[in-house]
Amino acid sequence: MQDNLPNAPSKSKLGFFKKQWLKYLALAVFSLLVAFLVKLTFTGFGGFVTALSDKAELSQIFALSGIMAIIMFSLFFYIFQTKKELLENKRILAVILLSILLTLMVSILFGKSISVSLMPLALSGLLIGILIDKRVGLVSNFFINLSFFFTFTIIFGVKEIMITSTALLSGIVSGTYMILMMEKTYTRMKFLLNGLLISLFISPVAILVATFMKFSLNNVLYTGLWTFLSVTLSVSLFITVLPAFEKVFKLTTNFGLEEICSFDTKLLKRLSTEAPGTFNHSLAVGNLAQLCALAIGENPQLAKAAAYYHDMGKLKDPLCYVENQSGYNPHDDFIPEVSVYVITQHTKWGYELLKKENLPDVIADIALEHHGTTFVNYFYNKVRKMTEDSVERKDFSYGGPIPSTKVSAIIMIADTVEAATRAQGISADPSVMRSFVHKLIEEKQTQNQFDNSNLTFKQLKKIEDTLVEALPGVFHNRISYEEKK
Ligand SMILES: [Fe+2]
Ligand SMILES: [Fe+2]
């Protein structure tokens, strides 16, 4: 555990040029390819072949690739300075390049066949913002729109520069709003509605700009209409292609997380019918984990989804876990070694099941990590009483690994607190409740369970405060009987 956030960005510009040169070569090749593709899409195959033998046309293609390369270079330099680790990930690089290419091609098709104002220029910024990072999405949206402005001015001609400027403005403003709203938008439908709202706001702005630029009345009205439709088109295309990006690049978004939290999904349906006790426990952990995630600025949607799936491994034999038992306890018939095996293996079984069912990696990883390498005291003591041989502590521990992210650590804490509350009830006295929660967290801390999670002491304290505040509301019917009296 540490006191400060890790990964302060490297300020070495020299390092950037030295280490990333291969990527920059690839970027230059990408820009050249894009310029050729742009020309091909714009002129069609016949025109493209003619252009290849025309010096003026060829120099236009090279000018286009040069502009594209410079702007892409600036974008990647920004990413290197702020989120260097993103550039190490090939999937992320592919998402950036593919979303740029897709937006460019679709925009040319719409710009050429209908109107330059209809081009869905916010598309790539939206994809990068949701699939990679909000800040990178915002900056990408700006840089990419800028590169599109130059590209379209070159291919559509300078006479269209005014109208291209309104498209650029619409792309930057609408993209910025939509990316900022993403964090709190959990369904695709709500996102589409937000898009419509922004369209309503942005088209009068385009009308004003067109009026200011002295367009004819007809053109002013068309600019307003196409701008309205361009934002709607960006959002509709974004919603259409996003599932393919999520699947191909195995990236998780809030939309995808919301969808796997539906009780209609195969595994949650199974959990509710085959292991109802675990199902209710998972929902309660979900409530607590969401509040904790919000308190420390982590993604509450991810915390909720991870909590819903953390104990899926118990589906293998639901009756072996206390929350699903009503009277009969199979462990009465097991030797302690078997009991401890069944209990500690549910993290691994859950991980395997989630992987098999194609749940996001991050959800499967948290299922594997949610007990870390903690120790099952009860069965250890039971065996020690029964035998005179030495007993290995590690044989009575979960297999780990320990939580590798803040949300994973939150699930471990919320899970422990929920289970302890279910077993013991909670106190109506706030100070007793605080020491109850504090002790549970401290126990994990002394077993070094949060060492890889990047949680700070301050955040751990916030999580404790949140749980102390939330427990009476979540478990109002479990205040211990003695205290109620
Ligand atoms: Fe568990
Ligand atoms: Fe659990």
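## Helices α5 and α6

In this predicted model, helix α5 passes helix α6 in a right-handed crossing. Helix α5 covers residues 90–113 and helix α6 covers residues 123–131. Their axes come within 8 Å and cross at roughly 155 degrees. Angles over 145 degrees count as roughly antiparallel, and α5 and α6 are therefore roughly antiparallel to each other.

On the α5 side, the residues that meet α6 are Val95, Ile96, Ser99, Ile100, Leu102, Thr103 and Val106. Their partners in α6 are Leu123, Ser124, Leu127, Ile128 and Leu131. Sorted by class, this contact has nine nonpolar and three polar residues, with no charged residues.

## Helices α8 and α9

Helix α8 spans residues 161–182, and helix α9 spans residues 188–212. The two axes come within 10 Å, with a crossing angle of roughly 150 degrees. By the cut-off of 145 degrees, α8 and α9 are therefore roughly antiparallel to each other. The crossing of α8 and α9 is right-handed.

Which residues of α8 meet α9? They are Thr166, Leu169, Ser170, Val173, Ser174, Tyr177, Met178 and Met181. From α9, the contact takes in Asn194, Gly195, Ile198, Ile202, Ala206, Val209 and Ala210. By class, the contact of α8 with α9 has 10 nonpolar and five polar residues, and no charged residues.

## The chain as a whole

The protein chain contains 22 helices and zero strands. Its C-alpha trace spans about 90 × 50 × 40 Å along the principal axes.

Of the 485 residues in the chain, 40% count as buried. Among contacts between residues at least 6 apart in sequence, 75% join residues at least 24 apart.

## Confidence

The mean pLDDT of the protein chain is 86, and 92% of its residues reach 70 or more. Over residues 1–11 the pLDDT is below 50, and this stretch has 14 contacts in the model beyond near neighbours in sequence. Residues 479–485 also have pLDDT below 50.

Where pLDDT is low, the predicted coordinates should not be read in detail.

Terms used
Residues numbered from 1 in each chain as written. Chains lettered and ligands numbered in written order. Predicted model: local features only at pLDDT ≥ 70, side-chain atom pairs only at ≥ 80, totals over all residues. pLDDT = per-residue confidence, 0-100. Contact = placed C-beta atoms within 7 Å. Axes fitted to C-alpha atoms, helices over the stretch in contact; angles between N-to-C directions. Helix = DSSP H or I, 4+ residues; strand = E, 2+ residues; numbered from the N terminus. Parallel < 35°, antiparallel > 145°, perpendicular 65-115°, else oblique. Left-handed = near helix turned anticlockwise from the far one by under 90°. Nonpolar A, V, L, I, M, F, W, Y, C, P; charged D, E, K, R; others polar. Buried ≥ 20, exposed ≤ 12 C-beta atoms within 10 Å, placed from the backbone.
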